[in-house]
Amino acid sequence: MAKAKSLYVCSECGYESAKWYGKCPGCGEWNTMNEQQINSVSPGGTKSRKSGSYSAKVMRLSEISGDIERRISTGVSEFDRVLGGGIVIGSLVLISGDPGIGKSTILLQICEHLGKSRKVLYVSGEESASQIKLRAGRLGVTTENLGILAETDIGVIVETIKTDKPDVVIIDSIQTMVYDEISSTAGSITQVRECTNILMHLAKSLEIPILVVGHVNKDGAIAGPKVLEHIVDTVLYFEGERNYSYRILRGVKNRFGSTNEIGVFEMKQNGLQEVENPSLLMLSGRPKNVSGTCVACVMEGSRPILAEVQGLVTATGFGTPRRMSTGFDYNRMAMILAVLEKRAGYYFNSMDTYINVIGGLRLDEPAADLTVAMALVSSLKDIVVKDNIIAFGEIGLAGEIRAVNNCEQRISESIRLGFDKCIIPFHNYKGLSKNLKVSADIIPVRSVREAFNAITE
């Protein structure tokens, strides 16, 4: 019998090597290289075939049917929005996030709607059937078409799916699944990869959509193998702070739709509830006549969302001023501070600086640069930015305000929510419609200095 070969795989990033390293060459983490046994098993758990024994049929592009993909509505509009209109038949969807963020909750909730017209199989490797029953009762899930299978053996699960023939399958979670022909433990790189490959082949061959739950590690990446993202069709991330009740479902990869859409939920006692108007939620409780606060309008896919950005600038008690950012990139905040000092004459070198985005939202779009700058300068000068003002634009290193996309849509959403004074990039002003220019006081600016002068006039 041939001796099984060993492979060392990083548990953080999935880097593979024939020899052991104390420090992973891929991600730089220490003591993360774990030994895995390599078995001669091909993807999907089938034995390898001799070369030339079989041949596959090649199809011409003109012979392939061009039917529009069939989708299943989950009954949760925010969930459907992120998926691109619903679950595609035969797709493999990965849902990941921090422990306790709401992954299992949202999946059990959509079972209630799916069970009205379709047969659903919920496979749990972490909870018993009685535990799922208790959670379903709390969430109000009473459908008769929901089947529960508490099993971790992927072979047994595959045979059950082939026999039971459900319309939708949910796997919670992929890290608990075990393929008995592999000697490594559950949750290892090899086990997770092979189990996901088996589910992928099953979904495509039987045209059954499969939703898979994946845990994340301390860095927020999918635990173990990064290769999971390459195997599945769609990757969804649940984001949110534990101290906040709001959750954001974001599409990271989607072969059947846009990856820019987000869904907003609020965690309540009876489960996750949709937030149809996130802007009103983010702006609720906004303080009046207080310096250091400004409102941003960012695009999340096709949806404009308004968020309050707060800045606090105070004299430091140490030799080196402190910088802290929550909900906004720290390095980008440092760049904005440098531009404000060099190009606009606002000095923060002896000031502690804090930035916070209210509601647990994270602003990754460059259009939020001007809002952050306005909040910081407002706090530095102790000048209030009026409640009816909104500002957005990208800041360049020369201090200029660069144009952003979807300007008209941002302004229209701002007007709808009561903001009648908009500070926008100068180059966006030319393309605005006449009706929009009449609807609000739109101020085009070329630099940060012009933007701050506009609120003091």
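Buried residues make up 49% of the 457 residues in the protein. Buried means under 20% relative accessible area, exposed means over 50%, and partly exposed lies in between, with a 1.4 Å probe and protein chains only. This is a predicted model, in which local features need pLDDT of at least 70 and side-chain atom pairs count only at pLDDT 80 or more, while totals for chains, interfaces and linings use all residues. Residues are numbered from 1 along each chain as its sequence is written, and side-chain values use heavy atoms, with hydrogens and water left out.

**The whole chain**

Start with a cartoon view. The protein has 13 helices and 23 strands. Helices (H or I, at least four residues) and strands (E, at least two) are DSSP runs, numbered from the N terminus. The C-alpha trace spans about 80 × 55 × 50 Å along its principal axes. Now show contacts, meaning heavy atoms within 4.5 Å. Of the contacts between residues at least 6 apart in sequence, 66% join residues at least 24 apart.

**Stop 1: α4 and α5**

Select residues 154–164 for α4 and 189–206 for α5. Their axes come within 11 Å and cross at roughly 10 degrees. Axes are lines fitted to C-alpha atoms, for helices over the stretch in contact, and angles run from 0 to 180 degrees between N-to-C directions. α4 is therefore roughly parallel to α5. Angles under 35 degrees count as roughly parallel, over 145 as roughly antiparallel, 65 to 115 as roughly perpendicular and the rest as oblique.

Show side chains next. From α4, pick Ile 154, Val 158, Ile 161 and Lys 162; they meet Cys 195, Ile 198, Leu 199, Leu 202 and Leu 206 of α5. By class, this contact has eight nonpolar, no polar and one charged residues. Ala, Val, Leu, Ile, Met, Phe, Trp, Tyr, Cys and Pro count as nonpolar, Asp, Glu, Lys and Arg as charged, and the others, Gly among them, as polar.

**Stop 2**

Go to Lys 165, in the loop between α4 and β9. Lys 165 is exposed, because its relative accessibility is 62%. Its phi is positive, about 55 degrees, although Lys 165 is not a glycine. Most residues other than glycine have a negative phi, and most peptide bonds are trans.

Now select Lys 119, in the loop between α2 (103–114) and β7 (120–124). Lys 119 is partly exposed, at 34% relative accessibility. Beyond its neighbours within four places in sequence, Lys 119 contacts Asn 145, Asp 164, Lys 165, Pro 166, Asp 167 and Val 168. A polar atom of the Lys 119 side chain lies 3.1 Å from the backbone oxygen of Asp 164.

**Stop 3: Ser 173**

Move to the loop between β9 (168–172) and α5, and select Ser 173. Is Ser 173 buried or exposed? Ser 173 counts as buried, because its relative accessibility is 0%. Leaving out residues up to four places away in sequence, Ser 173 touches Gly 125, Glu 126, Val 213 and His 215.

**Stop 4: Asn 31**

Asn 31 sits in the loop between β2 (16–17) and β3 (33–38). Phi of Asn 31 is near 55 degrees, a positive value in a residue other than glycine. Asn 31 is exposed, with a relative accessible area of 62%.

**Stop 5: Glu 229**

Select helix α6, residues 228–231, and pick out Glu 229. Glu 229 counts as buried at 15% relative accessibility. Which side chain does the side chain of Glu 229 make a polar contact with? The partner is Tyr 237, at 3.1 Å. A polar contact is a pair of N or O atoms within 3.5 Å; within protein, one must be able to donate a hydrogen and the other to accept it, and residues adjacent in sequence count only if both atoms are side-chain atoms.

**Stop 6: α9 and α13**

Finish with helix α9 (residues 369–381) and helix α13 (residues 448–456), whose axes come within 10 Å and cross at roughly 60 degrees. The two helices are therefore oblique to each other. The contact takes in Leu 370, Ala 373, Met 374, Val 377, Ser 378 and Lys 381 of α9, with Val 448, Ala 451, Phe 452 and Ile 455 of α13. Eight of these residues are nonpolar, one is polar and one is charged.
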